[in-house]
Every structure is written in C-alpha cells, then in structure tokens.
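Dear colleague,

Please find below the structure that I am handing over to you, with its sequence. My findings follow directly after it.

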Amino acid sequence: MTLLPCPAPAPPGWPLDWRDLNERFEWIRSMQGCPQDPIHHAEGDVWIHTRMVGEALTALDEWRALGEADRETLFAAALLHDVAKPRCTRVEDGRITSRGHSQRGSRDARRILWAHGADLVRRESVCAMVRFHQLPFFLIDRPDARRMSLLISQQTNCGQLALLATADALGRQCDDHGEILTKIALFREFCAEQGCLNQPWEFPSPLSRFEYFRREDRDPLYRAHDEARCEVIVMSGLPGSGKDTWLREHAPEVPMISLDNIRAETGARRSGDQGKVAQTARERAREFLRAGTAFAWNATNITRELRSELVDLVAGYGGRSRLVYVEAPWDALGERNSRREKPAPEAAIERMLDRWEVPDATEAPVVEWWENADGFVRRR
C-alpha cells in the first residue's frame with residue numbers, strides 16, 4: 001500500500017507529475033501564495049519550494065538506490081515537510097517566520113496520511129521526518145547532539161532524514177547552501193559515529209531507553225534494573241478506536257480506571273471542566289499504586305503531555321507503565337463512534353485530531369501499537 005494515493009516517481013524516467021499532485025491534494029494547493037523569508041527562500045512561496053524539494057530529492061542517486069517503500073516514505077516526507085507553513089506563517093519585527101511549523105506539520109501529516117489509509121509504521125516514520133526535518137541543519141552545534149540523534153533514531157531513519165534535509169537545502173535559493181550542506185554531512189557522520197545512522201540506537205533494554213530519555217544524567221549504555229512493584233496499562237487512542245474492547249480481550253482481570261465511567265458516576269459533561277474528573281481518577285490511581293496493585297487507565301491520552309503526566313505518576317510510585325496505543329481506520333472511526341451509547345461530539349473529536357500525537361518508543365518502559373480494523377493486530 002502506498003502512503004499517498006499516488007506513486008512516487010519510479011524508473012526508468014523518474015517522472016514527477018507536479019500538475020497531478022497539485023490537482024489531487026488541497027494541502028499542496030494551500031501552499032500557493034504562502035510567503036517565505038527571502039533570506040532563506042529567495043525562490044518564492046512554499047508551493048515553489050516544495051516542488052523544488054521534490055525535484056531535488058528524486059534526482060538524488062542515493063534516493064533512487066533505495067527500495068520502493070523507502071523511496072515512497074521519503075517522497076511523502078518531502079511533499080509534507082512544510083505542510084503547516086500556511087497556518088504557522090506570520091510577520092514578526094518585519095521578518096517572515098513560520099516558527100513551530102515542523103511540530104505542527106508532524107500532526108497535520110498524520111491526519112492526512114491516516115485519512116489516505118497509509119500504513120501506521122511507515123506513516124509515523126514520515127511524521128517524525130517532518131517533525132525533525134530541520135535538525136540536520138544545526139544538530140551538530142547543539143550541546144545535546146548525542147541525545148537528539150539517539151532520540152531521532154528511535155522514531156525514523158537518520159540517514160534518510162539526512163537525504164530529506166539535503167533535498168530541502170537544494171530546493172531553495174539562498175546564500176548559505178555550502179554551509180547548510182556541510183552541516184548535513186556532519187550530521188550524517190555524527191550519527192554514523194553514534195551507531196544510529198541507518199538503525200535505531202540499541203539500548204541495553206526498553207527500560208534503559210525510557211530512563212535515558214526521562215533522566216538527563218543517564219548513560220545510554222546503563223542497564224536499568226526493573227524493580228517495578230506493579231504494571232499499569234495506560235491506554236491511548238481516539239474515541240471509537242477500540243480501547244475498551246482491547247482491555248476486555250487482553251486484560252480482562254485488571255481493574256480499570258475509566259474517565260468515561262467517572263463522568264457517568266459524577267454527571268460530568270465531556271464538554272465541561274474535566275478537572276474534577278481527572279482529580280478523582282488520580283486519587284484512585286494513587287490508591288492502587290500505594291497498594292502495588294496493577295490496573296489500567298482507560299482514556300484517550302492523545303497527547304504526549306497527558307501521557308507523560310501519567311507515566312511519571314506511575315514511576316514515582318515505583319510502578320512500570322505499559323503504554324498501549326490503539327488505532328482504527330479513518331473510515332471506521334466515525335461509524336463506530338456513532339454507535340456508542342454516548343458518542344463523542346464531532347467538535348471534540350476535531351479538537352483531538354488537531355492535537356493527536358502517537359506514542360513513540362521513548363515515552364514508557366513498554367510501548368505497543370495495535371491496529372483495530374477487523375480485529376486487533378499488534379504492529380510494534
């Protein structure tokens with residue numbers, strides 16, 4: 001299955017049909033007229049730049065030498081790398097800026113690719129490339145360069161990210177081409193030295209990986225000892241994705257804290273203040289944790305910030321989090337939500353989709369991805 005409903009350029013001619021892409025995708029057309037700082041992008045608007053990046057990427061011998069799946073992944077990342085610029089671009093102190101477009105673009109890319117039915121694992125690699133696409137330009141100068149290179153390697157391929165950055169640099173008109181390309185080469189060399197250029201950095205254990213990114217004083221080679229008093233399942237997924245069903249099938253004996261149940265008990269509305277609901281849930285969680293009792297926390301938890309608060313709470317009491325992300329296809333989600341006894345309002349789902357972040361491997365000692373189409377299939 002392709003990531004987008006169109007193939008990436010392929011041999012023998014490697015044609016890039018920009019007119020077809022422009023007609024197919026509204027999010028490409030929306031780039032037209034979106035200005036860029038002429039110091040860094042003298043070529044013109046975001047639409048022109050994105051086309052130049054696509055052309056630069058597909059002309060690279062290293063990209064052409066990749067397998068078909070990897071070529072498609074990188075091509076999708078090239079088209080989407082600046083997808084959020086139209087909504088992030090503003091003028092500050094007389095300069096055009098699009099601050100925050102990489103992180104915002106990662107979420108936008110997720111929605112676009114999910115709606116197209118893209119493969120979950122490959123989609124998330126693209127989203128990570130969009131999120132990190134600027135880092136090869138300056139990572140070598142950061143004091144946390146090693147930490148960041150290891151982090152990127154857990155989410156996407158650093159070598160392919162360097163290819164995307166190369167195309168991004170070639171697909172613009174600016175005075176510092178040489179400097180940018182040198183920084184990208186240094187990024188590639190640095191990642192190779194760390195052993196994470198074309199594969200994830202291999203930590204001694206998943207717990208060691210979690211502790212390294214949770215605590216800044218950790219050595220990545222440190223083998224963490226698992227002394228957890230209990231395991232807590234932290235569910236994550238959009239409404240209708242199948243979190244309740246997953247728990248019934250995979251953890252039927254585990255007591256559950258459900259925010260939906262607490263709302264039903266207290267009469268709280270989904271659209272109202274959720275402070276009391278969250279406070280009640282945390283009080284119940286602390287009771288379980290103090291007793292060393294395993295339990296499940298069942299809520300959407302669609303942002304990293306929300307999940308981090310729960311994972312930190314569990315770790316603070318000596319527990320181990322098992323972060324379980326469940327995803328349903330785009331066309332099934334709405335239908336399932338409509339069948340629920342109390343469906344989530346469309347406006348609420350839209351707000352969630354706008355903030356939606358899929359858990360990555362660094363967020364907890366155990367992170368699992370499950371797809372739920374005609375049944376549950378574990379993807380990672």
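F25 and W27 are both buried in this predicted model. Their ring centres lie 4.9 Å apart with the planes at 25°, under the limit of 30 degrees, and the pair therefore counts as stacked. The structure contains 10 aromatic pairs.

W201, F203, Y212 and F213 are joined by ring pairs into a cluster. Two arginines are placed over rings of this group: R146 sits over the face of W201, 5.6 Å from the ring centre, and R147 sits over the face of Y212, at 5.0 Å from the ring centre.

I also examined strand β6, which spans residues 320-327. Is this strand mostly covered or mostly open? Of the 8 residues in β6, 7 are buried, so that the strand is mostly covered, buried being defined as under 20% relative accessible area.

Strand β6 has two pairing partners to report. With strand β3 (residues 231-236), β6 pairs in the parallel sense over 6 bridges, and I233 stands opposite R322 of β6. With strand β7 (residues 366-372), the pairing of β6 is likewise parallel and runs over 6 bridges; here E327 has E371 in β7 as its bridge partner.

When you inspect these strands, please bear one general point in mind. In a regular strand, side chains alternate between the two faces of the sheet.

With kind regards

Key. Residues numbered from 1 in each chain as written. Predicted model: local features only at pLDDT ≥ 70, side-chain atom pairs only at ≥ 80, totals over all residues. Heavy atoms only, no water. Buried < 20%, exposed > 50% of the residue type's maximum accessible area, 1.4 Å probe, protein only. Helix = DSSP H or I, 4+ residues; strand = E, 2+ residues; numbered from the N terminus. Pairing = 2+ DSSP bridges. Phe/Tyr/Trp six-rings, centres within 6.5 Å; stacked < 30°, edge-to-face > 60°. Lys NZ or Arg CZ within 6 Å of the ring centre and 35° of its normal.
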